[in-house]
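Me: Got a model to go through with you. Can we start with the strands and then move on to helices and rings?

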Amino acid sequence: MRTIPDHLQEGLRVVFVGFNPSLRSGETGHHYANPNNRFWTILYQAGLTSRKYRPEEDGQLIELGYGLTNIVARPTRAAAEISPQEYEQGRQELLKKIRRYRPRVVCFVGKGVYKQYSGRKNISWGVQAEGKVPGVTEFVAPSSSGLVRMPLPEVVAIYRELRDLL
């Protein structure tokens, strides 16, 4: 199982941060490759992309000003398989990436991802009050996993708030 390359560069409008790659992403080398993951559908329905991209087109999001990374690089079947040590290392690495690339917004794809990054427990959807990197807005959106029970229209509405923020 291989790690998935980040799609990052300076000057991005948004960097989307997931927990870690799925096994399917590890097999294909592309972000959000599990067929049950709704990431690409959500971006399209929220108006963040003009069409529904496919996982193998993940690198093309850079052209839209969007980057992709994860808090932990190792692919797993479930986030529950990630160790506290991996989260600690991932948190430090992610902070370095944000400081280096300085996107306008970092969108955490799931409250759990943001909890691991920030150490905070009470988290609301949308823009967070204080970020770790001055000048970079932290935004929390629902996970795009097919396991999330929130109805898709509600998830899309939160991602529309991100679109409006941009």
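**Strands, a helix and some rings**

Reply: E3 and strand E5 (residues 137–141) pair in the parallel sense over 5 bridges. Strands, like helices, are DSSP runs numbered from the N terminus (strands E, at least two residues; helices H or I, at least four), and two strands pair if DSSP finds at least two bridges between them. This is a predicted model, where local features need pLDDT of at least 70, side-chain atom pairs count only at pLDDT 80 or more, and totals for chains, interfaces and linings use all residues. Residues are numbered from 1 along each chain as its sequence is written, and side-chain values use heavy atoms, leaving out hydrogens and water.

Me: What stands opposite Val105 in E5?

Reply: Thr137.

Me: And how many bridges join E1 to E3?

Reply: 4 bridges join strand E1 (residues 14–18) to E3, and these strands run parallel. Val15 stands opposite Val106 there.

Me: Is E3 buried or exposed?

Reply: Strand E3 (residues 105–109) is mostly covered, with 5 of its 5 residues buried. Buried means under 20% relative accessible area, exposed over 50%, and partly exposed in between (1.4 Å probe, protein chains only). Val105, Cys107 and Val109 point one way, Val106 and Phe108 the other. In a regular strand the side chains alternate between the two faces of the sheet.

Me: Switching to H5. Which residues are buried there?

Reply: Val155, Val156, Ile158, Tyr159 and Leu162 are buried in H5. They cover an arc of only 160 degrees around the axis, which puts them on the same side of H5; the arc is that of the directions from the helix axis to the C-beta atoms. Pro153 and Asp164, on the other side, are exposed.

Me: What do the buried ones pack against?

Reply: The buried residues of H5 pack against E1, helix H2 (39–45), E3 and E5, where contact means heavy atoms within 4.5 Å.

Me: Rings now. How many aromatic pairs?

Reply: The count comes to 9 aromatic pairs. Rings of Phe, Tyr and Trp (its six-membered ring) pair if their centres lie within 6.5 Å; planes under 30 degrees apart count as stacked, over 60 as edge-to-face and the rest as tilted. The rings of Phe16 and Tyr66 have centres 5.8 Å apart and planes at 85 degrees, so that pair is edge-to-face. Phe16 is in strand E1 and Tyr66 in strand E2 (residues 66–70), 50 residues apart.

Me: Which cluster do ring pairs make?

Reply: Ring pairs link Phe16, Tyr32, Phe39, Trp40 and Tyr66 into a cluster.
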